[in-house]
Amino acid sequence: MRGFWLATRLDISESLRARWFVLYSLVFGGIIVMLFMFGLTESRVMGFTGLTRLLVTYIQISMAVLPIFILITTVRSLAGDREAGIYEYMLSQPISLVAWYWGRFAGRFVAVFVPVFLAMAIAVLWGAMRGAEVPVYHFLWYSALLLSLSFCFLGIGFFISSLTRSSDVAQSAAFFVWLILLLFLDLILLGLIIRAQSAPGFVISLALANPLQVFRTAAMMLFDPQLIMLGPSAWLILDNFGKAGYLAWALFYPFVLGLVFGGLGYFVFRRGDLP
Amino acid sequence: MITIDGVTKKFRKTTVLDNLSLDFGKGDRIALIGSNGAGKTTLIRCILGQYIHSGTVSVNGLESRRNREKILGEIGFVPQIAPPLKMPVGELLRFCAGTAGIGVEAIVSICEHLEIEYDEFKKRPFNKLSGGQKQKILIAIAMARKPELIILDEPTANLDPHARQILFEMLSERGDLPVLISSHRLEEVAGLVNRIIELDRGRVVLDDAVEDGGEMSARIDCRITLARTDDAFANTISGWKFSADKNQTTWKGQVAGADRLRFFGVLARYSGLVDGLEMGSKQEKRGDGK
(Lines give C-alpha, C1' and ligand atoms only; values in the text may rest on other atoms or scores of the structure.)
Protein backbone atom coordinates (compact mmCIF):
# COMPACT_ATOMS: atom_id res chain seq x y z
CA MET A 1 0.00 0.00 0.00
CA ARG A 2 2.95 2.33 0.64
CA GLY A 3 3.83 2.35 -3.06
CA PHE A 4 0.21 3.14 -3.96
CA TRP A 5 0.08 6.18 -1.66
CA LEU A 6 3.48 7.37 -2.84
CA ALA A 7 2.35 7.21 -6.46
CA THR A 8 -0.97 8.90 -5.62
CA ARG A 9 0.74 11.71 -3.78
CA LEU A 10 3.28 12.10 -6.54
CA ASP A 11 0.61 12.41 -9.21
CA ILE A 12 -1.45 14.90 -7.23
CA SER A 13 1.53 17.17 -6.61
CA GLU A 14 2.66 16.81 -10.25
CA SER A 15 -0.83 17.81 -11.37
CA LEU A 16 -0.96 20.79 -9.01
CA ARG A 17 2.22 22.11 -10.58
CA ALA A 18 1.15 21.48 -14.17
CA ARG A 19 -0.10 24.22 -16.46
CA TRP A 20 -2.99 22.07 -17.63
CA PHE A 21 -4.29 21.95 -14.08
CA VAL A 22 -4.24 25.73 -13.75
CA LEU A 23 -6.11 26.07 -17.04
CA TYR A 24 -8.51 23.29 -16.10
CA SER A 25 -9.33 24.90 -12.76
CA LEU A 26 -9.67 28.32 -14.39
CA VAL A 27 -12.09 26.97 -17.00
CA PHE A 28 -14.44 25.40 -14.46
CA GLY A 29 -14.06 28.23 -11.98
CA GLY A 30 -14.54 30.68 -14.87
CA ILE A 31 -17.74 28.97 -16.01
CA ILE A 32 -19.27 29.40 -12.58
CA VAL A 33 -18.16 33.02 -12.32
CA MET A 34 -19.61 33.75 -15.76
CA LEU A 35 -22.89 32.10 -14.88
CA PHE A 36 -23.14 34.35 -11.84
CA MET A 37 -22.02 37.39 -13.82
CA PHE A 38 -24.67 36.89 -16.47
CA GLY A 39 -27.26 36.74 -13.76
CA LEU A 40 -28.30 33.21 -14.40
CA THR A 41 -29.47 32.75 -10.85
CA GLU A 42 -31.92 35.58 -11.35
CA SER A 43 -33.18 34.54 -14.79
CA ARG A 44 -36.37 32.57 -15.10
CA VAL A 45 -36.46 30.38 -18.16
CA MET A 46 -38.56 27.24 -18.41
CA GLY A 47 -39.49 27.62 -14.77
CA PHE A 48 -35.99 27.27 -13.35
CA THR A 49 -34.54 29.90 -11.18
CA GLY A 50 -31.86 30.39 -8.53
CA LEU A 51 -29.16 27.83 -7.99
CA THR A 52 -31.06 25.04 -9.71
CA ARG A 53 -30.84 26.87 -12.99
CA LEU A 54 -27.17 27.59 -12.43
CA LEU A 55 -26.49 23.92 -11.71
CA VAL A 56 -28.41 22.75 -14.78
CA THR A 57 -26.38 25.05 -17.00
CA TYR A 58 -23.11 24.14 -15.32
CA ILE A 59 -23.76 20.45 -15.75
CA GLN A 60 -24.59 20.85 -19.44
CA ILE A 61 -21.38 22.79 -20.05
CA SER A 62 -19.39 20.28 -18.00
CA MET A 63 -20.66 17.46 -20.17
CA ALA A 64 -19.14 19.14 -23.21
CA VAL A 65 -15.87 20.25 -21.65
CA LEU A 66 -14.97 17.73 -18.93
CA PRO A 67 -14.46 14.57 -21.04
CA ILE A 68 -12.14 16.15 -23.61
CA PHE A 69 -10.18 17.95 -20.90
CA ILE A 70 -9.69 14.74 -18.93
CA LEU A 71 -8.79 12.70 -22.01
CA ILE A 72 -6.27 15.13 -23.46
CA THR A 73 -4.53 16.06 -20.22
CA THR A 74 -4.31 12.44 -19.07
CA VAL A 75 -2.88 11.01 -22.26
CA ARG A 76 -0.61 14.01 -22.78
CA SER A 77 1.05 13.74 -19.41
CA LEU A 78 1.20 9.94 -19.17
CA ALA A 79 2.41 9.27 -22.71
CA GLY A 80 4.65 12.36 -22.44
CA ASP A 81 6.27 11.03 -19.25
CA ARG A 82 6.97 7.73 -20.94
CA GLU A 83 8.36 9.42 -24.02
CA ALA A 84 10.64 11.70 -21.95
CA GLY A 85 12.22 8.78 -20.10
CA ILE A 86 10.56 9.49 -16.76
CA TYR A 87 9.13 5.95 -16.61
CA GLU A 88 12.60 4.49 -17.12
CA TYR A 89 13.83 6.13 -13.95
CA MET A 90 10.76 6.04 -11.74
CA LEU A 91 10.13 2.38 -12.55
CA SER A 92 13.70 1.49 -11.66
CA GLN A 93 12.67 2.19 -8.06
CA PRO A 94 11.28 -0.75 -6.07
CA ILE A 95 7.62 0.01 -6.60
CA SER A 96 5.17 -2.56 -7.94
CA LEU A 97 3.46 -1.92 -11.26
CA VAL A 98 0.04 -2.24 -9.68
CA ALA A 99 0.90 0.41 -7.06
CA TRP A 100 2.40 2.73 -9.69
CA TYR A 101 -0.47 2.45 -12.18
CA TRP A 102 -3.42 2.57 -9.79
CA GLY A 103 -1.70 5.06 -7.51
CA ARG A 104 -1.35 7.44 -10.42
CA PHE A 105 -4.93 6.69 -11.46
CA ALA A 106 -6.19 7.63 -8.00
CA GLY A 107 -4.05 10.76 -7.89
CA ARG A 108 -5.22 11.87 -11.30
CA PHE A 109 -8.82 11.22 -10.34
CA VAL A 110 -8.50 13.56 -7.38
CA ALA A 111 -6.85 16.16 -9.62
CA VAL A 112 -9.59 16.12 -12.26
CA PHE A 113 -12.63 15.74 -10.05
CA VAL A 114 -11.88 18.12 -7.20
CA PRO A 115 -11.78 21.39 -9.24
CA VAL A 116 -15.08 20.57 -10.99
CA PHE A 117 -16.72 19.64 -7.73
CA LEU A 118 -15.26 22.58 -5.82
CA ALA A 119 -16.41 25.08 -8.44
CA MET A 120 -19.95 23.76 -8.09
CA ALA A 121 -19.78 23.54 -4.28
CA ILE A 122 -18.42 27.07 -3.92
CA ALA A 123 -21.15 28.36 -6.25
CA VAL A 124 -23.83 26.68 -4.15
CA LEU A 125 -22.28 28.03 -0.96
CA TRP A 126 -22.02 31.52 -2.40
CA GLY A 127 -25.63 31.39 -3.62
CA ALA A 128 -26.80 30.16 -0.22
CA MET A 129 -24.98 33.03 1.49
CA ARG A 130 -26.85 35.41 -0.78
CA GLY A 131 -30.13 33.90 0.31
CA ALA A 132 -30.86 31.52 -2.59
CA GLU A 133 -32.52 28.20 -1.83
CA VAL A 134 -29.98 25.36 -1.91
CA PRO A 135 -31.08 22.48 -4.15
CA VAL A 136 -29.40 19.78 -2.06
CA TYR A 137 -30.97 16.89 -3.99
CA HIS A 138 -29.77 18.21 -7.35
CA PHE A 139 -26.36 19.14 -5.98
CA LEU A 140 -25.72 15.65 -4.62
CA TRP A 141 -26.92 13.93 -7.78
CA TYR A 142 -24.93 16.19 -10.07
CA SER A 143 -21.84 15.62 -7.95
CA ALA A 144 -22.31 11.87 -8.17
CA LEU A 145 -22.88 11.99 -11.94
CA LEU A 146 -19.82 14.19 -12.46
CA LEU A 147 -17.76 11.78 -10.36
CA SER A 148 -18.91 8.86 -12.46
CA LEU A 149 -18.28 10.70 -15.75
CA SER A 150 -14.79 11.78 -14.64
CA PHE A 151 -13.92 8.24 -13.63
CA CYS A 152 -15.15 6.90 -16.96
CA PHE A 153 -13.02 9.21 -19.08
CA LEU A 154 -10.04 8.82 -16.82
CA GLY A 155 -10.22 5.06 -17.39
CA ILE A 156 -10.40 5.60 -21.15
CA GLY A 157 -7.47 8.05 -20.93
CA PHE A 158 -5.31 5.55 -19.03
CA PHE A 159 -6.21 2.84 -21.51
CA ILE A 160 -5.17 5.00 -24.49
CA SER A 161 -1.95 5.99 -22.69
CA SER A 162 -1.05 2.34 -22.16
CA LEU A 163 -1.70 1.47 -25.78
CA THR A 164 0.30 4.27 -27.38
CA ARG A 165 4.00 5.06 -27.30
CA SER A 166 3.95 8.69 -28.34
CA SER A 167 2.02 11.60 -26.90
CA ASP A 168 1.04 12.82 -30.39
CA VAL A 169 -0.63 9.52 -31.26
CA ALA A 170 -2.20 9.36 -27.80
CA GLN A 171 -3.70 12.85 -28.15
CA SER A 172 -5.06 12.10 -31.61
CA ALA A 173 -6.60 8.84 -30.37
CA ALA A 174 -8.13 10.62 -27.36
CA PHE A 175 -9.60 13.33 -29.56
CA PHE A 176 -10.98 10.73 -31.95
CA VAL A 177 -12.68 8.80 -29.13
CA TRP A 178 -14.28 11.97 -27.81
CA LEU A 179 -15.44 12.97 -31.28
CA ILE A 180 -17.03 9.59 -31.92
CA LEU A 181 -18.89 9.69 -28.61
CA LEU A 182 -20.01 13.23 -29.37
CA LEU A 183 -21.24 12.26 -32.83
CA PHE A 184 -23.14 9.36 -31.32
CA LEU A 185 -25.07 11.80 -29.15
CA ASP A 186 -27.27 12.93 -32.00
CA LEU A 187 -25.89 13.06 -35.49
CA ILE A 188 -25.05 9.43 -36.22
CA LEU A 189 -28.08 8.22 -34.29
CA LEU A 190 -30.36 10.42 -36.37
CA GLY A 191 -28.63 9.12 -39.47
CA LEU A 192 -29.18 5.55 -38.35
CA ILE A 193 -32.89 6.14 -37.89
CA ILE A 194 -33.47 8.16 -41.04
CA ARG A 195 -31.09 6.58 -43.56
CA ALA A 196 -30.55 3.04 -42.28
CA GLN A 197 -34.11 2.65 -40.94
CA SER A 198 -32.70 0.97 -37.82
CA ALA A 199 -35.08 -0.14 -35.10
CA PRO A 200 -35.59 2.62 -32.50
CA GLY A 201 -34.82 0.15 -29.71
CA PHE A 202 -31.40 -0.53 -31.24
CA VAL A 203 -30.66 3.15 -31.70
CA ILE A 204 -31.73 4.01 -28.15
CA SER A 205 -29.60 1.12 -26.85
CA LEU A 206 -26.65 2.60 -28.70
CA ALA A 207 -27.36 5.95 -27.09
CA LEU A 208 -27.53 4.37 -23.67
CA ALA A 209 -24.18 2.70 -24.20
CA ASN A 210 -22.61 6.11 -24.76
CA PRO A 211 -21.46 7.47 -21.39
CA LEU A 212 -21.94 11.04 -22.60
CA GLN A 213 -25.57 10.38 -23.52
CA VAL A 214 -26.16 8.47 -20.30
CA PHE A 215 -24.91 11.46 -18.32
CA ARG A 216 -26.89 13.89 -20.44
CA THR A 217 -30.16 11.97 -20.09
CA ALA A 218 -29.69 11.52 -16.34
CA ALA A 219 -28.96 15.22 -15.89
CA MET A 220 -32.11 15.95 -17.87
CA MET A 221 -34.16 13.48 -15.84
CA LEU A 222 -33.29 15.26 -12.61
CA PHE A 223 -35.23 18.35 -13.64
CA ASP A 224 -37.61 16.65 -16.10
CA PRO A 225 -38.56 13.30 -14.48
CA GLN A 226 -40.87 12.33 -17.38
CA LEU A 227 -38.17 13.16 -19.94
CA ILE A 228 -40.70 15.17 -21.94
CA MET A 229 -37.82 16.91 -23.74
CA LEU A 230 -36.64 13.58 -25.15
CA GLY A 231 -39.87 12.80 -26.91
CA PRO A 232 -40.82 9.18 -27.69
CA SER A 233 -37.41 7.83 -26.59
CA ALA A 234 -38.47 8.60 -23.04
CA TRP A 235 -41.07 5.82 -23.15
CA LEU A 236 -38.47 3.20 -23.92
CA ILE A 237 -36.14 4.45 -21.22
CA LEU A 238 -38.77 4.81 -18.53
CA ASP A 239 -40.54 1.54 -19.43
CA ASN A 240 -37.31 -0.43 -19.24
CA PHE A 241 -35.53 1.34 -16.40
CA GLY A 242 -37.94 3.50 -14.45
CA LYS A 243 -36.60 6.72 -12.99
CA ALA A 244 -34.68 5.17 -10.11
CA GLY A 245 -33.34 2.39 -12.32
CA TYR A 246 -32.12 4.81 -14.94
CA LEU A 247 -30.42 7.05 -12.40
CA ALA A 248 -28.69 3.99 -10.96
CA TRP A 249 -27.60 3.04 -14.50
CA ALA A 250 -26.31 6.56 -15.12
CA LEU A 251 -24.37 6.45 -11.89
CA PHE A 252 -22.81 3.01 -12.14
CA TYR A 253 -22.45 2.33 -15.87
CA PRO A 254 -19.86 5.08 -16.61
CA PHE A 255 -18.04 4.18 -13.41
CA VAL A 256 -17.85 0.50 -14.36
CA LEU A 257 -16.86 1.44 -17.92
CA GLY A 258 -14.00 3.54 -16.52
CA LEU A 259 -12.95 0.69 -14.29
CA VAL A 260 -13.00 -1.77 -17.21
CA PHE A 261 -10.94 0.53 -19.45
CA GLY A 262 -8.59 1.34 -16.58
CA GLY A 263 -8.20 -2.39 -15.94
CA LEU A 264 -7.54 -3.09 -19.61
CA GLY A 265 -4.98 -0.29 -19.58
CA TYR A 266 -3.26 -1.88 -16.61
CA PHE A 267 -3.27 -5.25 -18.36
CA VAL A 268 -1.59 -3.73 -21.44
CA PHE A 269 0.85 -1.72 -19.31
CA ARG A 270 1.88 -4.75 -17.25
CA ARG A 271 2.45 -6.96 -20.26
CA GLY A 272 4.48 -4.54 -22.37
CA ASP A 273 7.78 -2.69 -22.30
CA LEU A 274 7.67 -0.12 -19.51
CA PRO A 275 9.82 2.77 -20.80
CA MET B 1 24.16 -12.87 -8.94
CA ILE B 2 22.84 -12.10 -12.46
CA THR B 3 22.27 -14.77 -15.08
CA ILE B 4 21.36 -13.76 -18.59
CA ASP B 5 20.39 -16.76 -20.65
CA GLY B 6 19.61 -16.60 -24.36
CA VAL B 7 18.13 -13.11 -24.21
CA THR B 8 16.86 -11.69 -27.48
CA LYS B 9 15.16 -8.32 -27.67
CA LYS B 10 13.66 -6.98 -30.85
CA PHE B 11 12.03 -3.66 -31.60
CA ARG B 12 9.83 -4.43 -34.57
CA LYS B 13 12.30 -5.91 -37.06
CA THR B 14 15.46 -4.62 -35.38
CA THR B 15 17.25 -7.10 -33.15
CA VAL B 16 18.96 -5.16 -30.37
CA LEU B 17 20.02 -8.09 -28.17
CA ASP B 18 20.80 -11.27 -30.04
CA ASN B 19 20.66 -14.49 -27.99
CA LEU B 20 22.83 -12.98 -25.30
CA SER B 21 24.13 -15.12 -22.44
CA LEU B 22 26.23 -13.80 -19.56
CA ASP B 23 26.88 -14.41 -15.89
CA PHE B 24 27.78 -11.71 -13.39
CA GLY B 25 29.04 -12.94 -10.06
CA LYS B 26 29.85 -11.40 -6.71
CA GLY B 27 33.01 -9.38 -6.84
CA ASP B 28 32.54 -8.55 -10.51
CA ARG B 29 33.04 -4.91 -11.34
CA ILE B 30 32.03 -4.84 -14.96
CA ALA B 31 32.52 -2.28 -17.67
CA LEU B 32 29.83 -2.74 -20.29
CA ILE B 33 31.22 -1.04 -23.33
CA GLY B 34 30.23 -0.67 -26.95
CA SER B 35 29.32 1.95 -29.49
CA ASN B 36 25.92 3.63 -29.64
CA GLY B 37 23.25 1.08 -30.49
CA ALA B 38 25.34 -1.87 -29.29
CA GLY B 39 22.59 -2.84 -26.83
CA LYS B 40 24.03 -1.63 -23.51
CA THR B 41 21.02 0.35 -22.34
CA THR B 42 18.62 -2.34 -23.58
CA LEU B 43 20.51 -4.96 -21.58
CA ILE B 44 20.35 -2.78 -18.47
CA ARG B 45 16.61 -2.30 -18.96
CA CYS B 46 16.17 -6.07 -19.25
CA ILE B 47 18.04 -6.54 -15.96
CA LEU B 48 15.79 -3.89 -14.38
CA GLY B 49 12.72 -5.83 -15.55
CA GLN B 50 11.57 -3.03 -17.84
CA TYR B 51 11.51 -4.88 -21.15
CA ILE B 52 9.69 -7.96 -22.33
CA HIS B 53 12.15 -10.27 -24.10
CA SER B 54 12.76 -13.88 -24.98
CA GLY B 55 15.20 -15.85 -22.85
CA THR B 56 15.60 -15.23 -19.15
CA VAL B 57 17.25 -12.65 -16.94
CA SER B 58 17.46 -13.63 -13.30
CA VAL B 59 18.92 -11.84 -10.33
CA ASN B 60 19.81 -14.05 -7.36
CA GLY B 61 17.74 -16.80 -8.98
CA LEU B 62 14.61 -14.63 -9.38
CA GLU B 63 13.28 -13.81 -12.84
CA SER B 64 13.69 -10.07 -13.20
CA ARG B 65 10.28 -9.05 -14.61
CA ARG B 66 8.14 -11.29 -12.43
CA ASN B 67 9.97 -10.27 -9.27
CA ARG B 68 10.61 -6.64 -10.23
CA GLU B 69 9.87 -5.03 -6.91
CA LYS B 70 11.99 -7.44 -4.88
CA ILE B 71 14.88 -7.33 -7.33
CA LEU B 72 14.83 -3.55 -7.68
CA GLY B 73 15.14 -3.32 -3.91
CA GLU B 74 18.60 -4.81 -4.38
CA ILE B 75 19.65 -2.66 -7.34
CA GLY B 76 20.69 0.98 -7.38
CA PHE B 77 20.44 2.51 -10.85
CA VAL B 78 21.79 5.75 -12.27
CA PRO B 79 20.56 6.44 -15.82
CA GLN B 80 22.63 7.92 -18.61
CA ILE B 81 20.23 10.82 -19.11
CA ALA B 82 18.65 12.32 -16.02
CA PRO B 83 14.85 12.21 -16.29
CA PRO B 84 13.28 15.66 -16.95
CA LEU B 85 11.32 15.61 -13.69
CA LYS B 86 9.62 18.87 -12.83
CA MET B 87 9.12 17.93 -9.20
CA PRO B 88 11.26 19.59 -6.53
CA VAL B 89 14.32 17.67 -5.41
CA GLY B 90 12.80 17.16 -1.95
CA GLU B 91 9.79 15.43 -3.42
CA LEU B 92 11.89 13.16 -5.61
CA LEU B 93 13.95 12.17 -2.59
CA ARG B 94 10.82 11.51 -0.52
CA PHE B 95 9.40 9.28 -3.25
CA CYS B 96 12.59 7.29 -3.75
CA ALA B 97 13.24 6.98 -0.01
CA GLY B 98 9.64 5.86 0.47
CA THR B 99 9.83 3.12 -2.16
CA ALA B 100 13.15 1.90 -0.76
CA GLY B 101 11.93 2.00 2.82
CA ILE B 102 14.73 4.27 4.01
CA GLY B 103 14.75 7.74 5.49
CA VAL B 104 15.32 10.81 3.31
CA GLU B 105 18.26 11.69 5.55
CA ALA B 106 20.18 8.67 4.21
CA ILE B 107 20.05 10.20 0.71
CA VAL B 108 20.67 13.70 2.03
CA SER B 109 23.87 12.65 3.78
CA ILE B 110 25.27 11.24 0.51
CA CYS B 111 24.13 14.35 -1.35
CA GLU B 112 26.10 16.44 1.11
CA HIS B 113 29.09 14.13 0.74
CA LEU B 114 28.86 14.88 -2.98
CA GLU B 115 28.70 18.60 -2.18
CA ILE B 116 25.01 19.09 -2.88
CA GLU B 117 23.45 21.24 -0.16
CA TYR B 118 20.04 19.72 0.33
CA ASP B 119 18.48 22.77 1.94
CA GLU B 120 19.52 24.86 -1.03
CA PHE B 121 18.14 22.42 -3.58
CA LYS B 122 15.15 20.77 -1.98
CA LYS B 123 12.60 23.22 -3.35
CA ARG B 124 14.18 23.59 -6.77
CA PRO B 125 12.69 21.65 -9.70
CA PHE B 126 14.93 18.71 -10.52
CA ASN B 127 14.95 19.54 -14.25
CA LYS B 128 16.31 23.03 -13.56
CA LEU B 129 19.54 21.74 -12.00
CA SER B 130 22.79 21.44 -13.91
CA GLY B 131 23.80 18.10 -15.43
CA GLY B 132 26.34 17.49 -12.67
CA GLN B 133 23.93 18.33 -9.86
CA LYS B 134 21.30 15.98 -11.28
CA GLN B 135 23.87 13.22 -11.65
CA LYS B 136 25.03 13.63 -8.03
CA ILE B 137 21.46 13.44 -6.73
CA LEU B 138 20.73 10.31 -8.76
CA ILE B 139 23.94 8.73 -7.48
CA ALA B 140 22.97 9.61 -3.90
CA ILE B 141 19.53 8.02 -4.39
CA ALA B 142 21.08 4.87 -5.84
CA MET B 143 23.73 4.55 -3.15
CA ALA B 144 21.61 5.43 -0.12
CA ARG B 145 19.74 2.19 0.08
CA LYS B 146 23.02 0.23 0.08
CA PRO B 147 22.03 -2.00 -2.84
CA GLU B 148 23.63 -5.31 -3.57
CA LEU B 149 24.22 -4.28 -7.19
CA ILE B 150 24.89 -0.83 -8.59
CA ILE B 151 24.16 -0.14 -12.26
CA LEU B 152 25.63 3.07 -13.59
CA ASP B 153 24.90 4.14 -17.15
CA GLU B 154 27.66 6.57 -18.23
CA PRO B 155 28.14 7.62 -14.61
CA THR B 156 30.96 10.11 -14.86
CA ALA B 157 29.75 12.02 -17.92
CA ASN B 158 28.62 15.10 -15.98
CA LEU B 159 30.80 14.91 -12.90
CA ASP B 160 33.76 17.11 -12.10
CA PRO B 161 37.02 15.40 -11.05
CA HIS B 162 36.40 15.95 -7.35
CA ALA B 163 32.90 14.45 -7.52
CA ARG B 164 34.29 11.53 -9.52
CA GLN B 165 36.88 10.98 -6.79
CA ILE B 166 34.12 10.81 -4.18
CA LEU B 167 32.13 8.41 -6.36
CA PHE B 168 35.19 6.17 -6.75
CA GLU B 169 35.65 6.18 -2.98
CA MET B 170 32.02 5.24 -2.43
CA LEU B 171 32.29 2.41 -4.95
CA SER B 172 35.48 1.27 -3.29
CA GLU B 173 33.79 1.19 0.11
CA ARG B 174 31.32 -1.34 -1.29
CA GLY B 175 34.06 -3.96 -1.23
CA ASP B 176 33.16 -7.08 -3.18
CA LEU B 177 29.64 -6.06 -4.09
CA PRO B 178 29.17 -6.04 -7.86
CA VAL B 179 29.00 -2.95 -10.03
CA LEU B 180 27.91 -2.72 -13.65
CA ILE B 181 29.11 0.38 -15.43
CA SER B 182 28.03 1.15 -18.94
CA SER B 183 30.11 3.44 -21.10
CA HIS B 184 31.00 3.85 -24.72
CA ARG B 185 34.56 4.81 -23.77
CA LEU B 186 36.67 2.27 -21.92
CA GLU B 187 39.16 4.83 -20.62
CA GLU B 188 36.34 6.52 -18.69
CA VAL B 189 35.79 3.48 -16.53
CA ALA B 190 38.85 1.25 -16.93
CA GLY B 191 40.22 2.06 -13.48
CA LEU B 192 36.96 1.10 -11.83
CA VAL B 193 36.48 -2.41 -13.11
CA ASN B 194 37.97 -5.89 -13.10
CA ARG B 195 36.03 -7.25 -16.07
CA ILE B 196 35.17 -5.84 -19.45
CA ILE B 197 32.27 -6.91 -21.60
CA GLU B 198 32.00 -5.39 -25.03
CA LEU B 199 28.78 -5.54 -26.96
CA ASP B 200 28.36 -5.05 -30.66
CA ARG B 201 24.98 -5.24 -32.34
CA GLY B 202 23.52 -7.11 -29.41
CA ARG B 203 26.24 -9.75 -29.09
CA VAL B 204 29.18 -10.15 -26.74
CA VAL B 205 32.36 -9.61 -28.73
CA LEU B 206 34.74 -9.38 -25.76
CA ASP B 207 34.51 -10.72 -22.23
CA ASP B 208 37.82 -10.37 -20.48
CA ALA B 209 39.27 -9.83 -17.04
CA VAL B 210 41.40 -6.76 -16.39
CA GLU B 211 44.06 -6.40 -13.79
CA ASP B 212 42.49 -5.32 -10.55
CA GLY B 213 44.94 -2.88 -9.01
CA GLY B 214 42.66 -2.24 -6.06
CA GLU B 215 43.22 1.42 -6.68
CA MET B 216 39.70 2.74 -6.93
CA SER B 217 39.97 4.89 -3.84
CA ALA B 218 43.71 5.58 -4.21
CA ARG B 219 44.96 9.11 -4.78
CA ILE B 220 48.14 9.79 -6.68
CA ASP B 221 50.28 12.82 -5.92
CA CYS B 222 50.96 14.71 -9.07
CA ARG B 223 53.19 17.63 -10.06
CA ILE B 224 53.07 19.31 -13.45
CA THR B 225 55.64 21.77 -14.73
CA LEU B 226 54.69 24.07 -17.57
CA ALA B 227 56.88 25.78 -20.14
CA ARG B 228 54.81 28.94 -19.69
CA THR B 229 51.60 30.07 -18.08
CA ASP B 230 48.34 29.47 -19.86
CA ASP B 231 44.86 30.62 -18.80
CA ALA B 232 43.02 27.74 -20.46
CA PHE B 233 45.24 25.19 -18.74
CA ALA B 234 44.87 27.00 -15.40
CA ASN B 235 41.12 26.90 -15.77
CA THR B 236 41.07 23.20 -16.63
CA ILE B 237 43.51 22.05 -13.97
CA SER B 238 41.76 24.11 -11.29
CA GLY B 239 38.75 21.91 -11.93
CA TRP B 240 40.91 19.00 -10.76
CA LYS B 241 41.58 20.99 -7.57
CA PHE B 242 45.27 21.53 -8.40
CA SER B 243 47.06 24.56 -6.97
CA ALA B 244 49.85 26.56 -8.58
CA ASP B 245 53.02 28.26 -7.38
CA LYS B 246 53.45 32.03 -7.66
CA ASN B 247 54.52 31.89 -11.31
CA GLN B 248 51.67 29.56 -12.24
CA THR B 249 54.11 27.24 -13.98
CA THR B 250 54.13 24.47 -11.40
CA TRP B 251 50.88 22.82 -10.40
CA LYS B 252 50.39 20.28 -7.62
CA GLY B 253 47.45 18.14 -6.71
CA GLN B 254 46.05 14.65 -6.42
CA VAL B 255 44.42 12.44 -9.02
CA ALA B 256 42.13 9.53 -8.25
CA GLY B 257 43.72 6.24 -9.26
CA ALA B 258 40.66 5.30 -11.23
CA ASP B 259 40.78 8.62 -13.01
CA ARG B 260 44.35 8.37 -14.32
CA LEU B 261 43.47 7.64 -17.93
CA ARG B 262 41.02 10.49 -18.06
CA PHE B 263 43.66 12.76 -16.49
CA PHE B 264 46.21 11.76 -19.12
CA GLY B 265 43.61 12.52 -21.76
CA VAL B 266 43.24 16.03 -20.36
CA LEU B 267 47.01 16.55 -20.23
CA ALA B 268 47.34 15.33 -23.81
CA ARG B 269 45.41 18.40 -24.92
CA TYR B 270 48.20 20.56 -23.48
CA SER B 271 51.16 18.37 -24.46
CA GLY B 272 52.97 21.31 -26.10
CA LEU B 273 52.73 23.19 -22.83
CA VAL B 274 53.74 20.50 -20.33
CA ASP B 275 57.45 20.43 -19.56
CA GLY B 276 57.38 17.80 -16.87
CA LEU B 277 55.03 15.40 -15.12
CA GLU B 278 55.74 13.58 -11.90
CA MET B 279 53.31 11.12 -10.39
CA GLY B 280 54.04 9.92 -6.89
CA SER B 281 53.11 6.78 -5.04
CA LYS B 282 49.47 5.89 -4.53
CA GLN B 283 47.88 6.74 -1.21
CA GLU B 284 45.01 4.51 -0.18
CA LYS B 285 42.13 6.48 1.24
CA ARG B 286 41.93 6.00 4.97
CA GLY B 287 38.85 4.35 6.45
CA ASP B 288 37.87 7.40 8.48
CA GLY B 289 37.19 9.33 5.31
CA LYS B 290 40.02 11.84 5.84
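**View 1. Chain A, with 12 helices and 0 strands.** In this predicted model, local features need pLDDT of at least 70 and side-chain atom pairs count only at pLDDT 80 or more, whereas totals for chains, interfaces and linings use all residues. Residues are numbered from 1 along each chain as its sequence is written, while chains are lettered from A and ligands numbered from 1 in the order in which they are written. Helices (H or I, at least four residues) and strands (E, at least two) are DSSP runs, numbered from the N terminus. The radius of gyration of chain A, taken over C-alpha atoms, is 20 Å, close to the 19 Å of the globule rule (2.2 Å times the number of residues to the power 0.38) for 275 residues, so chain A is as compact as a globular protein of that length.

**View 2. Burial in chain A.** Of the 275 residues in chain A, 41% are buried, a residue being buried if 20 or more other C-beta atoms, placed from the backbone, lie within 10 Å of its own, exposed if 12 or fewer, and partly exposed in between.

**View 3. The hairpin of β9(B) and β10(B).** Strand β9 (residues 195–200) of chain B runs antiparallel to β10(B) and is joined to it by 6 bridges, where two strands pair if DSSP finds at least two bridges between them. Leu199(B) has Val204(B) in β10(B) as its bridge partner, and among the 2 residues between the strands, Arg201(B) takes a positive phi near 45°.

**View 4. Strand β10 (residues 203–209) of chain B.** Because 0 of its 7 residues are buried, strand β10 of chain B lies largely in the open.
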